[in-house]
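Hello,

Here is the structure you asked about. My notes on it follow below.

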Amino acid sequence: MFRIILRRLLQGLLTLLLASIIIFGATEILPGDVAEAVLGQNRTEEALATLREQMGLDRPAIVRYADWLGGMLQGDLGTSLATDRPVADMIGSRIWNTLRLALLAAAISVPLSLALGLWAAMRAGGAVDKTMAMTTLALIAVPEFFIGLVLMKIFAVELGWLSATANTRPYYDFWQNFRALALPVATLSFAVLAHMMRMTRSSVINIFTSAYIEMAALKGLPKRRLVLRHALPNALSPIFTVIALNLSYMVSGVIIVETVFGVPGLTRLLVDGVSLRDIPLIQACAMIFGSVYILLNLLADILSILANPRLRYPK
Amino acid sequence: MSDILSIRNLRVEGRPPGGAYVPIVKDVSLSVRKGEVLALIGESGSGKSTISLAAMGFARPGCRIAGGEVWLNGYDIMKLSPRERHALRGDAVSYVAQSAAASFNPALRIGRQVIEAPLWHGAGDAATLTAQATELYRKLDLPNPESVGHRFPHQVSGGQLQRLMAAMAMSCGPDLLILDEPTTALDVTTQIEVLKAFKDIIREQGTAAIYVTHDLAVVAQVADRILVLKDGEMVEEGTTDAILHNPQHDYTRKLMAAVRPAPHLVDHVAARDADVPVLSVQNVTAGYGTVTILSDVSMEVPRASVVGVIGESGCGKSTLARVVAGLTPAREGRIELNGKQVEAELDARPREALRDCQMVFQMADTALNPRQRIRDILGRPLQFYHGMTGRKQADRVAELLDLVDLPASFASRYPAELSGGQKQRVNLARALAADPRIILCDEVTSALDTVVAAGVIELLKSLRDRLGVAYMFISHDLSTVASFADEVVVLYAGRVVEKGPSKAVFQAPWHPYTHLLLASVPEMRQGWLEGVADTAEARAASTGSVQIGAKGCPFANRCAKVITGTCETVAPPVRDLPGGLTIACHLPPEALPA
């Protein structure tokens, strides 16, 4: 089993390396070179020359890639072209806002979707199940910025209970933090909850047709125990996968939520970076998102391997 | 009342998805006394499993118990609340399913599953119950009774798992035990030990039991009384002796007539003279990934003859057919069709070689495209191999259907509108459409009921006589092979242990494995089980499990006549015996089982 996990880890590393090549390569295949792209319309020969020298564009691409990757590995994310500040500093001050949003949303949506999915599976075909199916389908169909705006309209504008902007201050107490973060976290959770819940439900129901569930039912066990003790352990692998997919989707979903609620987070930085053509910043952000994506999927695969007794205890 | 279970006028209805309820069990009454074993027999669809589940007040999804009374221990369980009914299951009555491999939860340790029911129903604490379970494992002759409960289902063999399921059912000390085809999925050599275990434990605990099966020879070994079912209705009931020896009803007589005698009692087919074989396999080694399934297999199929390939599950029978067809390319060795070598890979073979060698699979329905009409299924090979289209093709489709005894009107039907036996005939017609020289038949009758299977065999025989086509006939059903095949190849763990004319293979002398295999086929004689389970061969065979890729003789670890120090390490010599028989064994010919 350890060999399988090790192989999977190596695959993850390889994927990360590939992602870095793609991200770096994407800026290389721009027409002209990076300097021209950065300066855009208002470039002068002089400015181009300065920038090229500053970015070391006269060196071959492979050398610059190695340089860039080496820097990344040591925590040097380069220097922003727009602000002249180290990218690491810019990201460092923002990443916590994004991370807090995502972690809170994950901490709420994952257990909630599991619980709801199992509940729906236990009542499959019943009123509870059908109501949940309708609701979750509707939630999947509606884009998250719309959900965000509706929530904002109800809870912040009409009722005035919660804050419409998610700006927090270090001196805020718990309730002030709650008021500020409740709506963006809820919006983000809604976006991923429905899919995870439906997948949990269908994985468990799928297992329900197997002979060992009938066997367990013929032992006189109640439905609750059939679901939790007999079906769930066998449904874990697909559930892990869909959780990982949704959490990685959440990382991109954050872009919209941060924009709607004015959160000064990482994705806002990325959006700003794109409009300013701040290549080093874009590359660093892309690498961070890519790493999170790869890491989450890696985690899901390793957990699936650990949850499989066939791999844990070979013959 | 001494009846543990008494069912009166039971009616069960089932509903196909989206359809209306139709009766599947009609007005069935039965009773079982303490310590008595009642067998429910009948063909598939006779409602025997449904009745046995209804004895627990259980109906499968899509089914419902529509009427009647089920009295268990003096309670009418249909009148109980669901909670009270749940309390009976796994306590007063327990269930043994057909496939232990599917009925054990793969994610939980065996021991926990075995004691789950009594633990849940409050029959004791985990430590006491585990100790009792260990005692049961010992009684059931399971290896390592102390530690087997800590293992996961995938870590033990199929036969052991089936016995563990018996332990699981017995762990709650039930008054009634329901056994639903508990040995059907097992190989014959494994079946003996499991049957013996069931019988001993039922006798020892004085449990009442319902034994559901389609195998009359098995019934003869375990049942006290027999209830014959057909299409959900009772046909006949009586003691085992009376039903087996003096059946009253026509249907029961028909079932008895379809029972095939044990292979060594069959009048065997003699081999035919032959010139160039239509198929020749020489020293073939093949497998999947890094696993080697077949090692150094050689065999021939003469023109217009039937060569049976026998052996237990996992011995490489199907792999051999796939290698010949090119679906699984051989790693080493030669394959010749009509004396001409063909490529190992399907893609590299010329169309002519493909045409000459066709295959028919075990699962008749999954081999047919459900979205194509029979005329399209048969038309495609006609067009591909013979360029037939339009009128010509339609005429040939009608001819092919006629050849397999199906009406020409079937051409416009979809596979779902056909019965299992009819589907298998269509598969055969599909193979015949190519005008092959040889058809590879992979367990083509195994999924069919006895009577239907007998019809398919008759058809195969007449096609061989009329068209001169040869068959490689793969089957685990030794009686059919004994009566049908001209020559027989016995495979064990991917190697040929014995081959020769049918007459010679099914008569002494035998390879020790062939001997075990033949002795393990159940006979209708009551008391047969006790006799055979006690032999040195059966005991030696139950101690080991099949090992693939052994250095010496693969059967060494299960052989009663093993020569210690030689058999495990040195590959056995291939001996040519009189009558065209070949046996791969270290024993000198005079020491072989006879």
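**Domains and chains**

Chain B is divided into domain 1 (34-49 + 86-259), domain 2 (265-498) and domain 3 (512-591); these bounds come from an automatic or database domain assignment. On the side of domain 1 of chain B that touches domain 2 of chain B, there are 1 nonpolar, 2 polar and 3 charged residues. In this classification Ala, Val, Leu, Ile, Met, Phe, Trp, Tyr, Cys and Pro count as nonpolar, Asp, Glu, Lys and Arg as charged, and the others, Gly among them, as polar. In contact terms, 6 residues of domain 1 of chain B meet 6 residues of domain 2 of chain B, where contact means that the C-beta atoms of two residues, placed from the backbone, lie within 7 Å. The C-alpha centres of these two domains of chain B are 35 Å apart.

Before going further, note that this is a predicted model: local features need pLDDT of at least 70, side-chain atom pairs count only at pLDDT 80 or more, and totals for chains, interfaces and linings use all residues. Residues are numbered from 1 along each chain as its sequence is written, while chains are lettered from A and ligands numbered from 1 in the order in which they are written.

Between the chains, 16 residues of chain A are in contact with 25 residues of chain B. The elements that give two or more residues to the chain A side are α9 (211-217), α10 (223-261) and α13 (309-312) of chain A. Helices (H or I, at least four residues) and strands (E, at least two) are DSSP runs, numbered from the N terminus. By class, that side of chain A has 9 nonpolar, 4 polar and 3 charged residues.

**Confidence in chain A**

Within chain A, confidence is highest in α9(A), at 91, and lowest in helix α2 (residues 34-39), at a mean of 69. Where pLDDT is low, the predicted coordinates should not be read in detail.

**An open sheet in chain B**

Chain B has an open sheet of 4 strands in the order β2-β1-β4-β5, with antiparallel pairing. Two strands pair if DSSP finds at least two bridges between them. At the edges are β2 (22-33) and β5 (75-76) of chain B, each of which pairs on one side only. Strand β1 (residues 3-14) and strand β4 (residues 63-72) of chain B are antiparallel and share 8 bridges; B:Gly14 has B:Cys63 in β4(B) as its bridge partner.

B:Asp27 is in strand β2 of chain B. Leaving out residues up to four places away in sequence, B:Asp27 touches B:Asn9 and B:Arg11. B:Asp27 counts as partly exposed because it has 14 C-beta neighbours inside 10 Å. The cut-offs are these: a residue is buried if 20 or more other C-beta atoms lie within 10 Å of its own, exposed if 12 or fewer, and partly exposed in between, with C-beta atoms placed from the backbone.

Beyond residues up to four places away in sequence, B:Phe473 touches several others, including B:Val306, B:Gly308 and B:Phe484.

In strand β19 (residues 487-492) of chain B, 6 of its 6 residues are buried. On one side these are B:Glu487, B:Val489 and B:Leu491, and on the other B:Val488, B:Val490 and B:Tyr492. Strand β13 (residues 306-310) of chain B runs parallel to β19(B), joined by 4 bridges, and B:Gly308 stands opposite B:Val488. With strand β20 (residues 495-501) of chain B, β19(B) pairs in the antiparallel sense over 6 bridges; here the partner of B:Val488 is B:Gly500. The hairpin of β19(B) and β20(B) has 2 residues between the strands, and B:Ala493 takes a positive phi near 50° there.

**Backbone exceptions**

Most residues other than glycine have a negative phi, and most peptide bonds are trans. B:Asp231, in the loop between β9 (225-230) and β10 (233-239) of chain B, has a positive phi of about 50°. B:Asp296, in strand β12 (residues 291-301) of chain B, has a positive phi of about 55°. A cis peptide bond joins B:Ala508 and B:Pro509, with omega about -5°.

Regards

Technical notes:
pLDDT is the predictor's confidence in each residue, from 0 to 100.
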